[in-house]
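Dear colleague,

I am passing on the structure below, and after it you will find my notes on what turned up when I went through it. Please read them with the model open beside you.

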Amino acid sequence: MQRYDRQLKLEGFGPEKQQLLHNAKVLVIGAGGLGVPVLQYLTAMGVGTLGIVEHDTISVTNLQRQVIYNTEDTGKPKLQMAVKRLQQLNPEITFIPHDTWLTPDNALAIIKNYDVVVDCSDNFGTRYLVNDACVMLQKPFVYGAIHKYEGQVSVFNYKGSATYRCLFPEQPEAGAMLNCSDIGVLGILPGIIGSYQANETVKIICGIGEVLKDQLLTIDTLYNTHHVFQVKAVAGNHDIKSLQADYEQPCDTGGVKNLSVKQLQQWLEEGRDIQLIDVREAHEWEICHLPQAMHIPMRMVGQVASQFDKEKPLVLLCHHGMRSRMIANQLYAGGFAPVYNVEGGIHAWANEIDPEMNMY
């Protein structure tokens, strides 16, 4: 009880509420900007079981807001590092890792085992998928979203309240809305919104306070304005019987990701299960190449793409990184994810990793 002493002393909380937290099972979708503060606070407060859905790796661009990770973690799986740090914070918590993206094929099987779902994804497709699965399984869904300097928080499908589709009936077309990798985000913002999401989760579990059901809280961090809008439940939005097959592809990968040659070297040394493809021409390959790479000239990639394993990361390599970027974009648009482009190509590898490589 010493660990939770300060919240146990709260009027209206006490050991009974702490026991409710201990018994609760919460699923957090995403261990990025929003997911990090949610996971940190729920772990610290003693939520007994935390499931984490995450399949991304740590990029240096994550570090200005995803403060559970360190510079040395760059290139490592978010899921693995998040669980490691959270266990250090509170070893009493049970963590259930789900090393995958949430898809229509696995959403119901994953979500059904939890009491509350906290969506910390960064794309519309996943939010609609989470909403529909939660409606089918009658699970409350804690929503958070960020955009530049502003954030939103709400609780959907809680005791018959409005759903996400009551607020946003139809998802925008793929690519219609830019994510934070395109437009930027204030580093502290996901910490603020994620903390609000964690707070709503605790209120749901413990039955305290006023839950943000049928309401949308908006926060503007530049001008310190908070607004609460009413959201009305719409007839028919609780009648979802099956998941769609055409949810927008998750963009948690932020499209094609950059991979430095040092990160690639680390992955190869670790024996990471990747598909490394060199798209240069045959005469370039003969001069120098990495023994772990497959040689498929760029003009041939489209003809053999169906043979690639969609369950394994694709890593594209060329001379300076420009041709491989083009092919990486095409593969990502074709449904492959995650896809990585090696920055600087084999030229950077020769300069930074293997100076004895015979370059041209």
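F156 and Y164 are both buried, where buried means under 20% relative accessible area, exposed over 50% and partly exposed in between (1.4 Å probe, protein chains only). This is a predicted model, in which local features need pLDDT of at least 70 and side-chain atom pairs count only at pLDDT 80 or more, while totals for chains, interfaces and linings use all residues. Residues are numbered from 1 along each chain as its sequence is written, and side-chain values use heavy atoms, with hydrogens and water left out.

A search of the whole structure gives 9 aromatic pairs; rings of Phe, Tyr and Trp (its six-membered ring) pair if their centres lie within 6.5 Å, and planes under 30 degrees apart count as stacked, over 60 as edge-to-face and the rest as tilted. In one of these pairs, the ring centres of F141 and Y164 are 6.2 Å apart and the planes stand at 55 degrees, so the pair is tilted. Because F141 belongs to strand β5 (residues 141-147) and Y164 to helix α7 (residues 164-167), this pair ties together parts that are 23 residues apart in sequence; helices (H or I, at least four residues) and strands (E, at least two) are DSSP runs, numbered from the N terminus. F141 and Y164 are both buried. Y164 also pairs with F156, here edge-to-face, at 5.7 Å centre to centre and 75 degrees between the planes. One aromatic cluster takes in Y128, F141, Y143, F156, Y164 and F168.

Charged side chains also meet rings: the charged end of R127 sits over the ring of F124, 5.2 Å from its centre, and that of K310 sits over the ring of F336, at 5.0 Å. The criterion is NZ of Lys or CZ of Arg within 6 Å of the ring centre and within 35 degrees of the ring normal.

Helix α10 (residues 261-270) has V261, Q263, L264, W267 and L268 as its buried residues. Seen down the helix axis, they fall within an arc of 155 degrees (of the directions from the axis to the C-beta atoms), so they line one face of α10. The face turned away from that buried side carries the exposed residues K262 and E269, and just after α10, G271 takes a positive phi of about 75 degrees.

As for the whole, the protein chain has 14 helices and 13 strands, and buried residues make up 52% of its 360 residues.
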